[in-house]
Amino acid sequence: QGLQQTNIEFTNPDWAAAPAYASKTWHNTSPRLVVDHQLTPDAMVYGSITRGYQAGGFTSVSTQANGGRFDPETITSYELGAKGRVAGAGITYSAALFHYLFKNLQAITLDHTATVPVYVVTVSDVEATGLDGELAWQVAAPVRLFANGEWMDQKYQGQKNLAPGANDLTGQPYGTPALSLAAGIDVTLALAGGKAEWSLQGSHAGATRCNADSAAQGSCLSTGSFKVGEARDRVDTRLGWSAPGDHWGVALIVNNLLDRRYVSGLSNLSAAVGVPYTASYSAPRKFQVEFSAKL
């Protein structure tokens, strides 16, 4: 009884009087339908409808919202696409137009307004429409070029179990960047009886799409000293050599070759002690040496 009266975390009335018990059973069927048509020996089109599922669960903080549980998460996805190759040119390609709807998308966020900060599960409906594509070109036997990209408009369709006074983000961006791109080159050459390989890949991710909660969530913010959620560029490379038969090999890998650094996370928990924000940075340039062997 003394612990119940002095508990500073689990203070809701249901738990202050006695232990609380809850149970729930969920059932789901998740079908997938795909129809494709071969236009030519080198080109096809397709369409698909897919449904996915993740079970619901329980919150350990309160039984007052939705009986202390969150509902199952489902996704319904629609896709129309094409795949093919250009015979004799070494080119392969694919493109797809898609739309999906997440119902009861589960996200874990930190509530720092409580007496003791706690992680809570928020549930939202999120939809997205987008277009993605891939292109690869075998320029010659040793050289291959490739590129891929995606544009996507992702936003809240609705929100559930909102705390009193919380922002309703319906119709606002979910935060995912609208544009992401990548391109690179692979080169393979015979060397010293074995095989030398070099790859170089660059990527670009657009800026985070902000909403009314972005600053509080630490995902999108611009200050005089730094920005969170800005567009990002990165280059990675790998140079390796394999012995005949791939029995052993060695490689040098460099991640973030240009040493681009970005603020990757932000927290305002330190505001209580006079520090408005604490921030973490993305990883700097990193060198790795890789050895491989096959028995």
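Colleague: Is E197 buried, partly exposed or exposed?

Modeller: A word on the source comes before the answer: this is a predicted model, in which local features need pLDDT of at least 70 and side-chain atom pairs count only at pLDDT 80 or more, while totals for chains, interfaces and linings use all residues. Residues are numbered from 1 along each chain as its sequence is written, and side-chain values use heavy atoms, with hydrogens and water left out. Buried means under 20% relative accessible area, exposed over 50%, and partly exposed in between, with a 1.4 Å probe and protein chains only. Because the relative accessible area of E197 is 28%, this residue is partly exposed.

Colleague: Which residues do salt bridges that share partners join into one network?

Modeller: The side chain of R238, which is partly exposed at 26% relative accessibility, also meets that of E290 in a salt bridge of 2.6 Å, N to O. R238 is in strand β13 and E290 in strand β17 (residues 286-293), so this pair ties together parts that are 52 residues apart in sequence. Through shared partners, salt bridges join into one network K195, E197, R238 and E290.

Colleague: What is the N to O distance in the salt bridge between D236 and R234?

Modeller: Both partners count as partly exposed, D236 with a relative accessible area of 23% and R234 at 38% relative accessibility. Their side chains meet in a salt bridge, and the distance from N to O is 2.9 Å.

Colleague: With which residues is S242 in contact, leaving aside its neighbours within four places in sequence?

Modeller: S242 has its place in strand β13 (residues 232-242), and it is buried, with a relative accessible area of 16%. Contact means heavy atoms within 4.5 Å, and with those sequence neighbours left aside, the partners of S242 are G194, K195, E197, W248 and G249.

Colleague: Why is the aromatic pair of W26 and F58 classed as it is?

Modeller: Rings of Phe, Tyr and Trp (its six-membered ring) pair if their centres lie within 6.5 Å, and planes under 30 degrees apart count as stacked, over 60 as edge-to-face and the rest as tilted. A search of the whole structure finds 5 aromatic pairs. In the pair of W26 and F58 the ring centres are 6.2 Å apart and the planes stand at 50°, so the class is tilted.

Colleague: Which residues do ring pairs link into a cluster?

Modeller: F98 and Y100 form a stacked aromatic pair, at 6.2 Å centre to centre with 5° between the planes, and both F98 and Y100 are buried. The cluster linked by ring pairs consists of F98, Y100 and F102.

Terms used:
Helix = DSSP H or I, 4+ residues; strand = E, 2+ residues; numbered from the N terminus. Salt bridge = Lys/Arg side-chain N within 4 Å of Asp/Glu carboxyl O.
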